[in-house]
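Good morning, colleagues. I would ask you to look at the structure on the screen while I speak.

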Amino acid sequence: MNKIFFFLSGFKEGMRQFGQTISIIINSGLLLIVYFIGIGFTSIIAKLFHKHFLDTDLSKNEKSYWTDLNLKKKSIKEYYKQF
Amino acid sequence: MYILGISCYYHDSSAALLKDGIIVAAAQEERFTRKKHDTTFPINAIKFCLEHQLITINEIDYIGFYEKPLIKFERVLSQHIEAFPLSIKTFLSSLPSWINEKLRVTREVKKKLKYKKGVLFVEHHLAHAASCFLISPFKKAAILTIDGVGEWTTTTWGIGEGKEIQLNKEIKFPHSLGLLYSAITAYLGFSVNNSEYKVMGLSPYGLMDRTKNIYYEKLKKVIDIKDDGSYRLNMNYFVYYYKDKMPSKKLCQLLDGSIRTKDSEITQRHKDIAAAVQLIYEDVLFKMLNHVYREIKCENIVIAGGCGLNSVANGKILNNTPFKNIWLQPDPSDGGTSIGVASYIYHTILGNERDFVLNNAYLGPSFSTSEIKSFLEKNKIKYSKVKDNKELINITAQLIHKDNVIGWFQGRMEWGPRALGARSILSNACNPKMQEILNLKVKHREKFRPFAPVVCNNDAQKYFKCDKPIPLPTDFMLMVYQIKKRWHKKIPSVTHVDGSGRLQTIRKEQNPLYYELIKKFGKLSGIPILINTSFNIRGEPIVCTPGDAYKCMMGTGIDYLVMDKFLIKREDNPQDMWNSEKYAKD
């Protein structure tokens, strides 16, 4: 009885690990597609048009790097949004 | 009305519960899961909050989350687009958690808590601002928030008045003072989002003279600082926006060597670099604060964000700026935003007046005398019980005076990263060998790191060059001050190499037992100052339960554990096989 239980629990664990491995492979494949098609394509187009998604420029001429935020209370509905 | 604030999925998950505007319970998830800086959904912290008030999740009126996930996700995608194809590794490693958890906060809350209403999302730096202003003693104050990064923002300033907060200006990612400090932390071989305080502790060993420290000049090349304290980083020196490490090869070249490996020797160069980044941080901070004062024209300042834990800089603020009063809450870092978001919902969004000030940090779980007795009996632990608090204080003070190391476990656990007399290790600050003893027997931490002193607030001015009056954040161990020179040799174990001490002041009304213990020790030793260090070993969260405390004592060189009215002597009990040295991490 113990041997059967031991076998079944080992089998179950093995299947779990197998499932995890398969899911990592599929996820990685899908993410690679998203990365090269979604991110890559957007990045190339952006570079062609000199569009930058991060502002990394330094300017000795600018007096200040502070930018306007004006973040204050909004209506409660706005806070239910994740953006 | 009950409001629950939640902070999770980045670092230091936490939950806080407000009842009619009063913070009734708050804790970090790490204390329950025993995983330092735990990032997971704070289910245990939430359970504690609900159990503390004997309520169910259905009685919660609002739940708030500490950031806007979609805006943060936009920033993450922007990083990947900008850095394509260099960011592939971080994209593959980080995106699954975004898909499974971070973009599904409402679903996770409903699923894990069986909560039926919606979740409110407050901008990260607004949650920081609320976490310091709305529970401060000020009706009006200037606000400064500085951290690694929130959604896009890394630094903001604004004003709080009554129950309203307005953040006027910001600095956006990738420019971040917090990330500059973290990058140097990584360069010096310490862990990011964990060991920045070690860099702060290392800095006095380096050259703190701006004219002599060559790395100060070198580091000024990586940051462009304007007169108003605004700044930008030269991103050629950093790779954190697309890699899982922070300094670039160019930064290594600038600092004359590669990234220090964890176990290698800390040289004078490393110490000078630590000093340089601390000096740069202070330069920017004071310029910023002076600018904020000019704009806001208010004598009160509240500060939040992870950089608020830089107690060395905090202790210099009132001397270097026109501000007269300063406030930080016990956990200014991301953990503290759960309090911020809950307070923001109650006061600012719902319009309720403020009448609560956070005067102490004891917001966590406590254990009754019967619960502790039951634990001791069940585990066949030998103990003695004192008859009252007076006897407890007398015995403990004598044990400390005889150079014993005491695990002090009393009342509700502290909120925030510091042990403040509820889950503390206490010892004799007058013994010159105590730093070494504590390091070898208990804490297993780097020799350069000093231990912190605790002193009753009415004795502090005698021993420390504090601001007058002593700022309230000193109660939360968030201000470093110089120890008066004549006491350096009298309390060597808490005197850092530059003569400073990261003191905690304690007021009688905050924790009478702790206060009386220090006073009693003062009567025995002549100096009412104890070493107060967190009740844990390196790399572990501070203990939460009697079981954690007992395990920590038995695995280390703590001589006695004082839990409630129970005194447990390590020698009287069988030594555990638990080897704390083995478990000590960064």
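Let us begin with one pair of residues: Trp408(B) stands opposite Ser424(B), which lies in strand 15 of chain B. Please keep in mind that this model is predicted.

The two strands concerned are strand 14, residues 406-409, and strand 15, residues 423-428, of chain B; they pair in the antiparallel sense, over four bridges. Both belong to an open sheet of eight strands in chain B, with the order 13-22-21-14-15-20-16-19 and mixed pairing. Which strands stand at the edges? They are strand 13 (384-385) and strand 19 (504-506) of chain B; each has a single partner strand, so one side of each is left without a neighbour in the sheet.

Two helices that pack on this sheet deserve mention. Helix 15 of chain B, residues 369-378, touches strand 13, strand 14, strand 21 (560-563) and strand 22 (566-569) of chain B. The direction of helix 15 makes about 25° with that of strand 22 of chain B. Helix 17 of chain B, residues 434-443, also packs on the sheet, where it touches strand 15 and strand 20 (529-534) of chain B. In this case the angle, taken between the directions of helix 17 and strand 15 of chain B, is about 140°.

I turn now to the contact between the chains. How many residues does each chain bring to the contact? Chain A gives 40 residues and chain B gives 63 residues. Between them, chain A and chain B bury about 4600 Å², of which 63% is on carbon and sulfur atoms.

As for polar interactions, 32 residue pairs are in polar contact between chain A and chain B, counting pairs with both residues at pLDDT 80 or more. On the chain A side, the elements that give two or more residues are helix 1 (2-48), strand 1 (67-71) and helix 2 (76-79). Of these, helix 1 of chain A gives the most, with eleven residues.

Five salt bridges are found across the interface of chain A and chain B. In one salt bridge, the side chains of Lys74(A) and Glu123(B) meet at 2.4 Å, N to O.

Finally, strand pairing also crosses between the chains. Strand 1 of chain A and strand 8 of chain B, residues 164-172, run antiparallel and are joined by three bridges. Within this pairing, Thr67(A) has Glu170(B) as its bridge partner.

Thank you for your attention.

Notes. Residues are numbered from 1 along each chain as its sequence is written. Chains are lettered from A and ligands numbered from 1 in the order in which they are written. This is a predicted model: local features need pLDDT of at least 70, side-chain atom pairs count only at pLDDT 80 or more; totals for chains, interfaces and linings use all residues. Side-chain values use heavy atoms; hydrogens and water are left out. Contact means heavy atoms within 4.5 Å. Buried area is the accessible area (1.4 Å probe) that two parts lose on being put together, summed over both. A salt bridge is a side-chain nitrogen of Lys or Arg within 4 Å of a carboxyl oxygen of Asp or Glu. A polar contact is a pair of N or O atoms within 3.5 Å; within protein, one must be able to donate a hydrogen and the other to accept it, and residues adjacent in sequence count only if both atoms are side-chain atoms. Two strands pair if DSSP finds at least two bridges between them. Axes are lines fitted to C-alpha atoms, for helices over the stretch in contact, and angles run from 0 to 180 degrees between N-to-C directions.
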